[in-house]
Amino acid sequence: MKTKLSLSLAVAALSCMMGCSRQTTVDDSVVTMATEATFPPYEYRVNDQFAGVDVDISAAIAKALGKTLKVEDMKFDSVIPAVTTGKADWAAAGITVTEDRKESVDFSIPYYRDAAQVIIVPVSSSIADADDLKGKKIGVQSGTTGDTFMTNNYGDPERFDNAAIAISAMQAGRVDAVVIDEAPAKNFVADKADLKILETPLTVEEYAIAVRKGNAKLLETINKVIEEMLEKGEIKALMEKHTKATEVAGEPAA
């Protein structure tokens, strides 16, 4: 009886192990993009579907790889850790190339070279340029280069999970200004007569796609896709398409 019971337990344990193994098997037909989908025109939602420049570029990369794209939405400061830990194959979220980030991931060639951090203020604000930010409460999206710039030059800002929340906080009087990337800034203020973007940008930046360090094969494919899309003018067309789409839609989805 003891022998039969032990054998039964062993078979059950083996079955469980096999079942568990099947459940955790990686689906090789799917590639995962990590993003933060409140950053139009680069990533946003339409009727629970992901859209945006980065989503379309990633879909082209997935097609070149012969795989299906899966988009994982998360906080911006989690997208690079998602790549380094293997939870995502790449991160595309309007990510600025910085030396600090290069220590954690490898970057593709830039697909957008004219990015900038800008200042959004109420139209009635006395803030006219960067010098006027001293001593003010400044809202930023946590983990962004806007966050880093403000921290290094003006002290700790007020940090928010995304730009939309930061702007709502400014409209409620909780912060005096918001520093975010130029393209989404234009979307956020497009239908808001009470807000404006100051003329002079704080920084000039480049966006690229982040992959796990040493993943040369994937990086080669990504670079090839980006090069082809740039040469054909497709990325410029995507910028125009999604900028128009999000301006028409009005308030970006959160």
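I looked up Pro41 and found it in the loop between strand 1 and strand 2 (44-46); helices (H or I, at least four residues) and strands (E, at least two) are DSSP runs, numbered from the N terminus. A cis peptide bond joins Pro40 and Pro41, with omega at about 10°.

I noted that this is a predicted model, in which local features need pLDDT of at least 70, side-chain atom pairs count only at pLDDT 80 or more, and totals for chains, interfaces and linings use all residues. Residues are numbered from 1 along each chain as its sequence is written, and side-chain values use heavy atoms, with hydrogens and water left out.

Next I checked the loop between strand 2 and strand 3 (49-51), where Asn47 lies. Asn47 is not a glycine, yet its phi is positive, about 50°. Asp48 is in the loop between strand 2 and strand 3, and its phi, near 70°, is also a positive value in a residue other than glycine. Asn47 counts as exposed because its relative accessibility is 72%, and Asp48 is exposed at 64%. Here exposed means over 50% relative accessible area, buried under 20%, and partly exposed in between (1.4 Å probe, protein chains only).

I then compared the length of helix 2 (residues 53-65) with expectation. Its 13 residues should span 18 Å at 1.5 Å a residue, and the end C-alpha atoms are 19 Å apart, which agrees; the expected span is 1.5 Å times one less than the number of residues. The buried residues in helix 2 include Val53, Val55, Ile57 and Ile61.

The largest cavity holds about 80 Å³. Of its 13 lining residues, Phe39, Phe76, Gly94, Thr144 and Asp181 are the closest to its centre. On a 1 Å grid over the protein atoms alone, a cavity is a set of points where a 1.4 Å probe fits but cannot get out; a pocket is an open set with protein on both sides within 12 Å along at least five of seven lines; lining residues have an atom within 4 Å of a point. Grid points are joined across faces, edges and corners, and a volume is the space filled by probe spheres set on the points.

The largest pocket has a volume of about 440 Å³. Val30, Val31, Thr32, Lys67 and Asp89 are the closest to its centre among the 19 residues that line it. Strand 1 (30-35) and helix 8 (216-231) are the elements that give two or more residues to that lining.
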